[in-house]
Amino acid sequence: MNEGKVTTSLADVVYEQVEQDILTGVYKRGDVLTELKLSQRLQVSRTPVREALRRLEQDDLVECQGKSIVVMGVTHQDLLDLLEIRLRLEGMVTARCCQRITSEELTALDEIITLQDFYVSRSLPEKIQESDGLFHRTIYAACSSRMLEKQLTNIHKRLVRYRKLSVSNRARAQQSTEEHKEIFRALASHDAALSEALAIRHVERARDNILHAEAAQ
């Protein structure tokens with residue numbers, strides 16, 4: 001029993017590490033992964049690696065081609081689809097959150113924005129991205145829908161490399177922080193219609209900046 005628990009735990013760790021490496025571009029589309037090399041790199045046996053690769057294939061991040069495991073990653077069409085889905089869901093979630101958010105969650109959002117302001121002033125892209133993600137995840141959690149929270153959190157994770165490109169643009173990072181402040185004020189006023197409109201505008205601008213950043217690569 002203990003051995004089974006350890007194997008499951010290792011498979012989770014391997015899955016999360018390889019998933020992150022794919023989504024951040026360490027492994028690029030077309031790269032071939034092998035159980036042996038991954039087990040050597042991560043210093044684990046091949047059993048958890050095999051399980052992790054099966055899960056990654058189910059997530060369409062890798063594809064089994066004969067005896068090879070090929071990285072699929074996030075294609076350009078995937079990117080367009082993810083941005084479209086996010087655009088359609090984010091406004092609805094923010095409006096729902098507006099009716100359910102607690103004073104503690106509002107305080108947390110306010111603190112996140114203060115941190116984001118600080119990171120933007122210091123030009124720290126990784127920290128800006130971290131606080132940006134935390135802002136949105138707090139809203140997702142506050143909408144009290146496990147399904148919507150899961151879907152949007154997963155989309156954010158899939159967009160991690162592109163969001164990093166976006167927040168590396170200081171002008172966009174500053175604009176994004178101001179947009180977060182507007183959304184926060186609408187949430188604090190419990191104005192669902194305004195919250196939804198501001199969230200949609202925010203995602204539209206983020207989408208346009210991400211696509212511009214991707215095209216410039």
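Modeller: We shall take the pockets, then the aromatic rings. This is a predicted model, in which local features need pLDDT of at least 70, side-chain atom pairs count only at pLDDT 80 or more, and totals for chains, interfaces and linings use all residues. Residues are numbered from 1 along each chain as its sequence is written, and side-chain values use heavy atoms, with hydrogens and water left out.

Biologist: What volume does the largest pocket have, and which residues lie nearest its centre?

Modeller: Rolling a probe the size of a water molecule over the atoms shows where empty space is left. On a 1 Å grid over the protein atoms alone, a pocket is an open set of points where a 1.4 Å probe fits, with protein on both sides within 12 Å along at least five of seven lines; lining residues have an atom within 4 Å of a point. Here the largest pocket has a volume of about 380 Å³, the space filled by probe spheres set on the points, which are joined across faces, edges and corners. Of its 15 lining residues, Gln 129, Arg 137, His 156, Val 160 and Arg 163 lie nearest the centre.

Biologist: Which aromatic pair is found?

Modeller: Rings of Phe, Tyr and Trp (its six-membered ring) pair if their centres lie within 6.5 Å; planes under 30 degrees apart count as stacked, over 60 as edge-to-face and the rest as tilted. The count comes to 1 aromatic pair. Phe 118 and Tyr 119 form this edge-to-face pair, at 5.8 Å centre to centre and 65° between the planes.

Biologist: Where does Arg 55 lie?

Modeller: Arg 55 lies over the face of Tyr 15, 4.0 Å from the ring centre (the rule asks for NZ of Lys or CZ of Arg within 6 Å of the ring centre and within 35 degrees of the ring normal). Arg 161 lies over the face of Tyr 162, at 4.6 Å.
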